[in-house]
Amino acid sequence: MQRFCLALDLKDNPDLMAEYEQWHAPGSGWPEVRANDLAAGIQDLQIYRTGNRMVMILETDDDFTFEKKAALDADNPHVQKWEELMWKFQQPLPWAKEGEKWVRMEQIFQFEK
């Protein structure tokens, strides 16, 4: 198993943030997008929010790569429509590269076992 954390901002608008959360409420997501994520090797996906900052936690199989996920996303019209819809609510982090949405976070601490 692999774990990744990514960050992205929502537009700082309470109405848009509420609508974004409605799109992510149980039963509201698109099954084709979930199926695409599963095919990419994502086993669990969680999104947390504070203010307009979001953190996504991905747990994936050992074969998961972001390149594989990007290729599957590019070939799936449902994912493309979902991403276009979500961009209504999202804005890039100030340090994001051109065209980059979710930015991978660097782990800087873990409890010693």
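**Helix, sheet and pockets**

Tutor: Let us begin at a helix end: α2 is followed by Gly41, whose phi is positive, near 105°. Helices (H or I, at least four residues) and strands (E, at least two) are DSSP runs, numbered from the N terminus. This is a predicted model, in which local features need pLDDT of at least 70 and side-chain atom pairs count only at pLDDT 80 or more, while totals for chains, interfaces and linings use all residues. Residues are numbered from 1 along each chain as its sequence is written, and side-chain values use heavy atoms, with hydrogens and water left out.

Student: Which residues of α2 are buried?

Tutor: Buried means under 20% relative accessible area, exposed over 50%, and partly exposed in between (1.4 Å probe, protein chains only). In α2, the buried residues are Val33, Asn36, Asp37 and Ala40. Seen down the axis of α2, these buried residues fall within an arc of 100°, so they line one face of the helix; the arc is that of the directions from the helix axis to the C-beta atoms. The face turned away from the buried side of α2 carries the exposed residues Pro31 and Arg34.

Student: What covers the buried residues of α2?

Tutor: Contact means heavy atoms within 4.5 Å. The cover over the buried residues of α2 includes β2, α3 and α4.

Student: How many bridges join β2 to β3?

Tutor: Two strands pair if DSSP finds at least two bridges between them. β2 and β3 run antiparallel and are joined by 8 bridges, with Leu45 having Leu58 of β3 as its bridge partner. The two strands form a hairpin with 2 residues between them, and Gly51 in the turn has a positive phi of about 60°.

Student: In which sense do β1 and β3 pair?

Tutor: β1 and β3 pair in the antiparallel sense, over 8 bridges. Phe4 stands opposite Leu58 in β3, and Leu8 has Met54 of β3 as its bridge partner. β1 also runs antiparallel to β5, to which 2 bridges join it; there, Ala7 has Val103 of β5 as its bridge partner. With strand β4 (residues 90-91), β1 pairs in the antiparallel sense over 2 bridges, and Asp9 stands opposite Gln91 in β4.

Student: What is the volume of the largest pocket?

Tutor: On a 1 Å grid over the protein atoms alone, a pocket is an open set of points where a 1.4 Å probe fits, with protein on both sides within 12 Å along at least five of seven lines; lining residues have an atom within 4 Å of a point. Grid points are joined across faces, edges and corners, and a volume is the space filled by probe spheres set on the points. The largest pocket has a volume of about 1200 Å³. Of the 44 residues that line the largest pocket, Val33, Asp37, Leu45, Met56 and Trp82 are the closest to its centre. The largest share of this lining, 7 residues, comes from β2.

Student: Which residues line the second largest pocket?

Tutor: Its lining consists of Arg3, Phe4, Cys5, Arg104, Met105, Glu106, Gln107 and Gln110. About 240 Å³ of space lies in the second largest pocket. Strand β1 (residues 2-10) gives the most to the lining of the second largest pocket, with 3 residues.
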